[in-house]
Amino acid sequence: MSRLDSFINRVIAQRECLNAACAEIAGREGVVFELGLGNGRTFDHLRERLPGREIFVFERSPAAHPKSMPDEAHLIIGDVTKTLPAAVERFAGRVVLLHSDLGSADLEENARLARFLSGTIPPLLAEGAIVLCDPALDLPRAERLQLPPTVQKDRYYMYRWKMRAAQPASAIQESF
Ligand code: SAM
């Protein structure tokens, strides 16, 4: 597959999964966390789909398109390995959707961040929260959700968080 095709597949997967996640959280209270502002495309999509919802964006070096820059109160600047643990007390149990798009071409760094997120985000999540990410996370208390039918398997990962222990996400993955 050419890099162009791969990029197109990825952004289509992002849009379809974000739309599905927004539908899942409709009518439910809570804030949204967007990890990785980048150019601001997925942040812009989320705020268009979720009018009135507070969206907090975590980014170490904000450089988005000016039209896609969150206001100061909703942009949390710094490395997530520092800013996310610092956010736990303020947002404990209140995050109803977390979208993580921190990845780069550095697969080792992506895996390191996935391990960090797996250990750090649970106390932030509300019951039934949706977690959307790539790469996969290790969230034993989460149920792995099917992706929208138009999205390639394993192109993105979507989980529903449960306070009670659920079947391990890894077990569900194997039964796909
Ligand atoms: N979702 C964005 C969009 O639609 O434009 C693209 C995000 S881009 C793939 C990844 C972003 O994550 C980059 O802006 C990068 O600076 C940020 N990032 C990567 N690792 C980070 C970390 N450890 N802490 C904070 N931000 C990080």
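This note goes through the ligand site and a few local backbone and side-chain features of the structure above.

1. The model is a predicted one, in which local features need pLDDT of at least 70 and side-chain atom pairs count only at pLDDT 80 or more, while totals for chains, interfaces and linings use all residues. Residues are numbered from 1 along each chain as its sequence is written, and side-chain values use heavy atoms, with hydrogens and water left out.

2. The ligand is surrounded by 18 residues, each with a heavy atom within 4 Å of it, and the closest are Asn39, Thr42, Glu59, Val80 and Asp101. By class, this shell holds four nonpolar, eight polar and six charged residues, where Asp, Glu, Lys and Arg count as charged, Ala, Val, Leu, Ile, Met, Phe, Trp, Tyr, Cys and Pro as nonpolar, and the others, Gly among them, as polar.

3. Which part of Asp101 lies 2.7 Å from a nitrogen atom of the ligand? An N or O atom in the Asp101 side chain does, whereas for Arg60 a backbone N or O atom lies 3.2 Å from a ligand nitrogen, and for Leu37 a polar backbone atom is 3.4 Å from a ligand oxygen. Of the 610 Å² of accessible area that the ligand has on its own, the protein covers 84%, as computed by the Shrake-Rupley method with a 1.4 Å probe.

4. Asn19 lies in helix H1, residues 3-24, helices being DSSP runs (H or I) of at least four residues and strands (E) of at least two. The side chain of Asn19 makes a polar contact with that of His45 at 2.7 Å; within protein, such a contact is a donor and acceptor pair of N or O atoms within 3.5 Å, and residues adjacent in sequence count only if both atoms are side-chain atoms.

5. Most residues other than glycine have a negative phi, and most peptide bonds are trans. Asp154, although not a glycine, has a positive phi of about 65 degrees and lies in the loop between E6 and strand E7 (157-161). A cis peptide bond, with omega about 5 degrees, joins Asp134 and Pro135.
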